Amino acid sequence: MRPFQLPPDTKRLAYLAGAVLCGIGSVLFLVISMPVIGMGLGRAGPFPILMPLLTIGAIVGAVMCAKRAIALGMAVVTAKSVTPNETPLGGQVQVALRLLPREQFQISRFDFVLEMEEHAISRGGTSDTHYRHRTRLETRTVPGLETRPGIETEVVQIFSVPANAPPSFHGRNNFITWRVKVHCAVPGWRPDLHEQIEFDVLAEVLPEAAHG
């Protein structure tokens, strides 16, 4: 079952609202913290340290939400796929990313990264510890282009899965996930665009790869 996805315009409004709220919060935290900081650490306890940290956190949150809202206003991902969605070890996958620009802007390059992530969870007590290790198996760089509003842009790449790599695995405490990350580098003040597509690698080796 595909996960629920908000429409792009709804997501953009949500990010804009988050940016505004974080911006208001940063101003309020700053106003509140100024007189307390003047009291000194000894008289006010941990409060003078806490408020500047909250202010910085709110500013970072505002910037991140604003960048996501701007990115959603630049282009909408109309399709992203890995074909086939399941491939044996030694097999090939075709990665396709389709963008519908909403405004004209320049993409200097497309970076495609084939990545495998090992994720282990150590469970205990009231908290879990997560260990993640990502391996970049191959990186491709494709020349960019200048987008036109309303005209779709599609970029396609083909990757080979190593025959001696571990297959996908999804257990209770251990996971091996395969994905392709796509980075669209945008020069200037606009934020870069990022997407990722996951696929499954089967625990079997393609005959041609096994005999190779």
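This is a predicted model: local features need pLDDT of at least 70, side-chain atom pairs count only at pLDDT 80 or more; totals for chains, interfaces and linings use all residues.
## Overall fold

The chain has four helices and nine strands. Walk along the sequence and you get the order α-α-α-β-β-β-β-β-β-β-β-β-α.

As for contacts, take the pairs of residues at least 6 apart in sequence: 69% of those contacts join residues at least 24 apart.

## Surface and burial

Out of 212 residues, 32% count as buried. The chain exposes about 12,900 Å², with carbon and sulfur atoms supplying 60% of that area.

One feature of the surface is a nonpolar patch made of Val20, Ile24, Leu28 and Ile32. Together these four have about 360 Å² of accessible area.

Helix 1 covers residues 8–39, and Ile24 is found in it. Ile24, one of the patch residues, has 46% relative accessibility, so it counts as partly exposed; the cut-offs here are under 20% for buried and over 50% for exposed.

## What surrounds Ser26

A polar atom of the Ser26 side chain lies 2.7 Å from the backbone oxygen of Gly23. Leaving aside residues up to four places away in sequence, Ser26 touches Thr55, Ala58 and Ile59.

How values were computed: Residues are numbered from 1 along each chain as its sequence is written. Side-chain values use heavy atoms; hydrogens and water are left out. Helices (H or I, at least four residues) and strands (E, at least two) are DSSP runs, numbered from the N terminus. Buried means under 20% relative accessible area, exposed over 50%, partly exposed in between (1.4 Å probe, protein chains only). Contact means heavy atoms within 4.5 Å. Accessible areas come from the Shrake-Rupley method with a 1.4 Å probe; for residues, only the protein chains shown count as cover. Patches are made of residues with over 30% relative accessible area and no salt bridge: like charges are joined within 9 Å, nonpolar side chains (Val, Leu, Ile, Met, Phe, Trp, Tyr) within 5 Å. A salt bridge is a side-chain nitrogen of Lys or Arg within 4 Å of a carboxyl oxygen of Asp or Glu. A polar contact is a pair of N or O atoms within 3.5 Å; within protein, one must be able to donate a hydrogen and the other to accept it, and residues adjacent in sequence count only if both atoms are side-chain atoms.
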